[in-house]
Amino acid sequence: MSKTSKSNVETPLVSRLNGSRRSFIKYGGATLAASGLLISGCEHLEQILPDKGMGKPEGHPRTVNLGRGDTGILNYAYALEQLEAAFYIEVVNMPYNGISDEEMVIMEDLRKHEVAHRDFLKAALGDKAIISLTFDFSTVDFSNRHSVLSTAKTFEDLGVAAYNGAGRLFESADLLLIAGKIVSVEGRHAAAIRSVLDEDSRSFAGSDVIDGNGLDRAFKPGKVLEAASPFILNKINANQLPKS
Amino acid sequence: MQINYQNLKTEEAIMNIFKLLKNYDVKPEGIENFISRRDAFEKLVGLGKKAAFAAIPLSLAGVAANNKASAQSATSEDLADVLNFALTLEYLEAEFYTMGLDTNGLIPAGKDHSIIELIKFHEVHHVDLLKIVIDSLGATPVSKPDFDFTAGGAFNPFGDYQQFLALAQAFEDTGVRAYKGQAGNLISNGDLLTAALQIHSVEARHASEVRRLRGLKGWILQDQRGEGMPAQTQAVYNGEDNVVQGGVDVTTVSLVGADGVTESFDEPLNKNEVLTIAGLFIV
């Protein structure tokens, strides 16, 4: 099993949440409980409470429509940040065998950052936000270092390519800037994960992701969602997103 | 729209972000190419030798033609100004790493050397790419300034590897903030914006790696420049402690705490702020 001595590294954040496997659901709930401001200032609780569909009602999570325009792009980002946050919450809850101190700190930091991105986007979207998605990490062996770090690498590189590709879809320069503030942090993550995972010391910006002009990848939403779809049980409808 | 971030309740903040969204709702789709795709293509073809080592992305070949023209559309001159500003920074980085690698015994063989070599490779290619794209806009790339990486004797980066790494960190973290600050100025041209973002995230990867090589985390905590960084580099980190994004104080909607929030969002610098930092090293 993945129980290591690292369980004592739990931050106050985690201990407030209890360590159940599905605690990323509760994590969402705890976030709401802590943000009294938001709740007291909002008449429509159903807008901010975690979606009831989270627990797979009738075994089939709801289809999610991202919407149109800048709202659609923010929802697209929100879906990806939900995915990353849920993943790192799982990783920190049950650290893989033989995790080093350095790696544990990185995993905890990445969890924090992705949760901050997720919570911010949810708040920014308000009642336009999509529901909390349901994830399937059954292809990840959370006790295995390589499995976890390879998945992290995939997610971080994908996040970078997603934001890079989505920038041109924004109408609002203010929202473009906010996306820019997030994507560079994803880039920092990608480099760190690659540098702890890969033998090649050039992997942090390896030629598998950076082309001969020194450019990182930029993917359209369709390509990103296809890559993310094995991990997301909800069907995501991105048809209304801006095309260019 | 002016937002008073200090006294803003979250609900208001959310409404504000939607006002921002609304303000940008209408964006007429005119077609106003400043130079034709054929012109741009011919210019690129004319630079065959330079461009041969790596194919220029197709989207950039048609950079002017694909302009998402609108009432707010920037002129090719405006766009070239932004790119020339970026070019100045890339010159600085490229020359810095080139000089470092040319200094015998400065950069330890093995891991460090291969990391710095790759970063230099990217910066040199950013220089080449920006020059070509500026050309294709019908503008003239600025020439390389003369650099003094000792900043008038304050630093000794080519005699002291730790100082070399410290300045590398400052340059990369500045580069990230500089590109971020210019993204909005490229919004009328999707291809240029995308290319700039593709450089931006490479700078972020570099920054993370150099920081980690120095024993720091890859991300920026509050507005801290980090251990071992000279006080003169503080301007690179000022303002990174912001926790309010789009009118939302993120500490009120997330449990991660102020430190975590500041790490989660990198902040931009405007052109003047960047040139003040870079100016230390320009003769």
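I began with burial in chain A: buried residues make up 61% of its 244 residues. For the record, I take buried as under 20% relative accessible area, exposed as over 50% and partly exposed as in between, with a 1.4 Å probe and protein chains only.

Ground rules before going on. This is a predicted model, where local features need pLDDT of at least 70 and side-chain atom pairs count only at pLDDT 80 or more, while totals for chains, interfaces and linings use all residues. Residues are numbered from 1 along each chain as its sequence is written, chains are lettered from A and ligands numbered from 1 in the order in which they are written, and side-chain values use heavy atoms, with hydrogens and water left out.

**Chain A overall**

I looked up the secondary structure of chain A and got eight helices and two strands. My elements are DSSP runs numbered from the N terminus: helices are H or I with at least four residues, strands are E with at least two. Read from the N terminus, chain A goes α-α-α-β-α-α-α-α-α-β.

Next I checked contacts, meaning heavy atoms within 4.5 Å. In chain A, 81% of the contacts with a separation of 6 or more are between residues 24 or more positions apart. I have its accessible surface at about 9,400 Å², with 52% belonging to carbon and sulfur atoms. Areas come from the Shrake-Rupley method with a 1.4 Å probe, and for residues only the protein chains shown count as cover.

**Helix α5 of chain A**

I then followed α5(A), residues 101-125. Its 25 residues reach 36 Å from the first C-alpha to the last, close to the 36 Å expected at 1.5 Å a residue. That expected span is 1.5 Å times one less than the number of residues. Is this helix mostly covered or mostly open? Mostly covered: 21 of the 25 residues in α5(A) are buried. After the helix comes G126(A), with a positive phi near 55°.

**One residue on α8 of chain A**

I picked E226(A), which is in helix α8 of chain A. E226(A) counts as exposed because its relative accessible area is 60%.

**Chain B overall**

Chain B has ten helices and two strands. From the N terminus I read α-α-α-α-α-α-α-α-β-β-α-α. Of its 283 residues, 56% are buried. Residues 24 or more positions apart make 75% of the chain B contacts with a separation of 6 or more. Chain B exposes about 11,600 Å², and carbon and sulfur atoms supply 51% of that.

T174(B) is in helix α7 of chain B. I call T174(B) buried because its relative accessibility is 5%. Leaving out residues up to four places away in sequence, T174(B) touches V236(B), V274(B) and I277(B).

A151(B) has a positive phi near 50° and lies in the loop between α6 and α7 of chain B. Q222(B) also has a positive phi near 50°; that residue is in the loop between α8 and β1 (244-245) of chain B.

My grid has 1 Å spacing over the protein atoms alone: a cavity is a set of points where a 1.4 Å probe fits but cannot get out, a pocket is an open set with protein on both sides within 12 Å along at least five of seven lines, and lining residues have an atom within 4 Å of a point. Points are joined across faces, edges and corners, and a volume is the space filled by probe spheres set on them.

The second largest pocket holds about 420 Å³. Of its 20 lining residues, G165(A), R168(A), F219(A), K220(A) and P221(A) are closest to the centre. Which elements give two or more residues to this lining? I found α8 (221-228) of chain A together with α8 (190-213) of chain B. By class, I count nine nonpolar, six polar and five charged residues. Here Ala, Val, Leu, Ile, Met, Phe, Trp, Tyr, Cys and Pro are nonpolar, Asp, Glu, Lys and Arg are charged, and the others, Gly among them, are polar.

I found six cavities of 30 Å³ or more. The largest cavity holds about 130 Å³. It is lined by 16 residues, with L83(B), L130(B), Y179(B), A196(B) and I199(B) nearest its centre. In chain B, α5 (76-102), α6 (111-136), α7 (161-182) and α8 each supply at least two residues of the lining. That lining is 15 nonpolar, one polar and no charged residues.
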